[in-house]
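Try each task before you read its solution.

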Amino acid sequence: MLTKKQLDLLEFIHKRVQRDGVPPSFDEMKEALDLRSKSGIHRLITALEERGFIRRLAHRARAIEVVKLPESLGGAPSGFQPTVIDGDKPDVPPPVSARRVEAAHAVELPVMGRIAAGVPISAISEVSHSVAVPGQMLSGAGDHYALEVKGDSMIDAGINNGDVVVIRETSAADNGDIVVALVEDHEATLKRYMRKGDTIALEAANPAYETRVFPVGQVKVQGKLVGLIRTY
C-alpha cells in the first residue's frame with residue numbers, strides 16, 4: 001500500500017508522461033508535492049521503485065519506466081505494457097559493470113552529504129549524489145539513504161574516513177546500535193548509542209575521542225547503520 005505522498009507523486013508522474021511524453025524534473029516534482037527539498041523526492045521515487053510501480057533506467061537522462069498503477073489511479077490491466085520515456089541522451093547499451101549491478105538487484109540511494117565520525121558537523125538535508133547498493137543490504141521496513149563518512153572516530157568499528165554508510169531511517173535505537181544522531185537540532189554525528197536513565201551517551205570507536213553525554217531531549221536518532229560501502 002502506498003502512502004498519500006507516494007500516490008500523489010506517482011499520479012503526477014503518470015499524468016505528465018501522458019500529457020507531455022516526458023517525465024517531470026525533480027524540481028517540478030518537489031513543487032507539485034510542496035516539499036522543501038529534493039531529498040524527499042529521492043526517497044519517494046526510491047519507495048515507488050522498491051514497490052514495483054516505477055523503474056529508473058541506468059545510462060539514460062530522465063528515463064522512467066512506468067511499471068504499474070494502483071487501482072485508485074485506474075489500475076493496470078493484465079496486458080498492461082509499460083511505457084519507457086527516454087531523455088535527451090542516446091540509448092546505448094550499458095557497460096558490463098552496469099549490467100552486473102542490475103543483475104545483483106542494486107538499489108539507488110540518495111547520498112545526503114557527509115556525516116561526521118568525529119566532532120559533529122551541520123545537520124544533513126540535501127542530496128549530493130546517488131549510489132547503487134545491493135538490495136540485500138537494505139534492512140527492515142522504512143526508507144534508506146546513504147552518507148559519506150568524514151573523520152576517524154569510528155575506525156575501531158570498521159568505519160573509515162571516506163566510507164559510505166547505508167542508513168535506515170528510524171527514530172528508535174537499542175543500546176549498542178551505531179546511529180545517526182542529531183544533537184541539539186543542528187548537528188549530526190555517527191556514533192554508538194547508549195542510553196542510561198535520562199541521559200544518552202554517544203560513544204566513539206576510537207580511544208582518541210571521548211564519549212559525549214547529553215540529556216535525552218538534546219539527542220534525536222535519525223537512523224541506524226545497516227551497511228557500508230568502501231572504494232579502494
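**Exercise 1: Two helices in contact**

Task: Which residues of H2 meet which residues of H3?

Solution. This is a predicted model. Start on the H2 side: Phe26, Asp27, Met29, Lys30 and Leu33 take part. On the H3 side, they meet Lys38, Ile41, His42, Leu44 and Ile45. Now sort the contact by class: it has 6 nonpolar, 1 polar and 3 charged residues.

**Exercise 2: The crossing**

Task: How are H2 and H3 oriented to each other, parallel or perpendicular?

Solution. Two packed helices are described by the angle and the distance between their axes. Find the helices: H2 covers residues 26–33 and H3 covers residues 38–50. Their axes come within 9 Å. They cross at roughly 95°. Angles of 65 to 115 degrees count as roughly perpendicular. H2 and H3 are therefore roughly perpendicular to each other.

**Exercise 3: Rings and charges**

Task: Which ring does the charged end of Arg43 sit over, and which one does that of Lys68 sit over?

Solution. Count aromatic pairs: there are 0. Then look for charges. The charged end of Arg43 sits over the ring of Tyr145, 5.5 Å from its centre. The charged end of Lys68 sits over the ring of Phe53, 4.8 Å from its centre.

Methods
Residues are numbered from 1 along each chain as its sequence is written. This is a predicted model: local features need pLDDT of at least 70, side-chain atom pairs count only at pLDDT 80 or more; totals for chains, interfaces and linings use all residues. Side-chain values use heavy atoms; hydrogens and water are left out. Axes are lines fitted to C-alpha atoms, for helices over the stretch in contact, and angles run from 0 to 180 degrees between N-to-C directions. Helices (H or I, at least four residues) and strands (E, at least two) are DSSP runs, numbered from the N terminus. Angles under 35 degrees count as roughly parallel, over 145 as roughly antiparallel, 65 to 115 as roughly perpendicular and the rest as oblique. Contact means heavy atoms within 4.5 Å. Ala, Val, Leu, Ile, Met, Phe, Trp, Tyr, Cys and Pro count as nonpolar, Asp, Glu, Lys and Arg as charged, and the others, Gly among them, as polar. Rings of Phe, Tyr and Trp (its six-membered ring) pair if their centres lie within 6.5 Å; planes under 30 degrees apart count as stacked, over 60 as edge-to-face and the rest as tilted. A charge sits over a ring if NZ of Lys or CZ of Arg is within 6 Å of the ring centre and within 35 degrees of the ring normal.
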